[in-house]
Amino acid sequence: MSHLLFIAASYGVSLLGLGLLTGWILLSYRREQRMLRELEARGLRRRARAAAPARTATEGDTVVRVK
Amino acid sequence: MPLLDLANPVRFLSFSARLLPYLAAATLLVLAAGFWLAFQAPPDYQQGETVKIMYIHVPFAWLGMFGYTMMALSSIGILVWRHPLADVAHKAAAPIGATFTALCLITGSLWGRPMWGTYWVWDARLTSMLVLLLLYLGLMALRAAIEDPNRAGRAAAVLTLVGFINVPIVKFSVDWWNTLHQPASVFRMGGSTIDSSLLWPLLTCAAGFTLMFVTLHMVGMRTEILHRRVQALEARAAAEALA
């Protein structure tokens, strides 16, 4: 195979570059997930989530009205 | 309506969580098929086995331009509708687009040395591709330099739209100027000039890398949404501590 070194270098650099990019994106995602969990464990909730009821009745649910 | 419904961070998180495993699996399958086809393909009559670099170099070039085009469309969403998801999409695309553009330049240099006898030449296609990489890096630096995320998003959107002029220059540089880089051979009037034995592996690899781009972009967008939630909660915690 001619120019094998150039072909191997191209694929090697690409594998390294895309591997680092993927690793960085996944690690950043895990870090943000962990930080959000820690904040929620301290009792902090987003306003929308804190204001919402535990579960909203959906179609098909039996709703009992208490007078 | 379904598309409009999706343009909301909560719905996007739920939708992308369901879609991501399939996207990741499709990326791996299509890339594996693409590389298998690429290494089965015959050598080119002029380039020999060095044509194998084209199976990664060409998709990287397409995706470098694809990423920037996506950011330009997001910029319209930021400036016209001030949509938070457009800002998230814009920010998440920059490092991915920059990586693909940088890899396009590196693999192109590694192809150029044995084929042209040089790693680099200040030819219109190569130079405009380098400008594209500098635009990506400049946009990331601009966002990092402005503390207010809304102002940073708007400034980045304006710069993205100004810089978008470079995308057609990259594409048509080989037609407008006399360049060392070969003219368009896949997407051109009159059809592709590449033999199908080389074209199909190239298109399969391009499809695989496009799926990879979309998958990484989706994870990047999810990360940015979570990051903004973390920042909002930290700001609230700090305000409550002061009160």
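User: Which residues in H8(B) does H1(A) meet?
Analyst: In this predicted model, the H1(A) side of the contact includes Leu21(A), Ile25(A), Tyr29(A), Glu32(A) and Leu39(A). The residues of the contact of H1(A) with H8(B) divide into 12 nonpolar, 6 polar and 3 charged. On the H8(B) side, the residues met are Leu216(B), Val219(B), Gly220(B), Arg222(B), Thr223(B), Leu226(B), His227(B), Arg229(B), Val230(B) and Leu233(B).

User: Is H1(A) roughly parallel or roughly antiparallel to H8(B)?
Analyst: The axes of H1 (residues 4–41) of chain A and H8 (residues 196–242) of chain B come within 9 Å and cross at roughly 30 degrees. Angles under 35 degrees count as roughly parallel. The crossing angle therefore makes H1(A) and H8(B) roughly parallel.

User: In which hand of crossing, left or right, does H1(A) pass H8(B)?
Analyst: The two axes cross at roughly 30 degrees. The crossing of H1(A) past H8(B) is left-handed.

User: Over which residues of chain A is the pLDDT below 50?
Analyst: Chain A has a mean pLDDT of 78, with 66% of its residues at 70 or more. Where pLDDT is low, the predicted coordinates should not be read in detail. The stretch with pLDDT below 50, which has 1 contact beyond near neighbours in sequence, is residues 54–67 of chain A.

Key: Residues numbered from 1 in each chain as written. Chains lettered and ligands numbered in written order. Predicted model: local features only at pLDDT ≥ 70, side-chain atom pairs only at ≥ 80, totals over all residues. Axes fitted to C-alpha atoms, helices over the stretch in contact; angles between N-to-C directions. Helix = DSSP H or I, 4+ residues; strand = E, 2+ residues; numbered from the N terminus. Parallel < 35°, antiparallel > 145°, perpendicular 65-115°, else oblique. Left-handed = near helix turned anticlockwise from the far one by under 90°. Contact = placed C-beta atoms within 7 Å. Nonpolar A, V, L, I, M, F, W, Y, C, P; charged D, E, K, R; others polar. pLDDT = per-residue confidence, 0-100.
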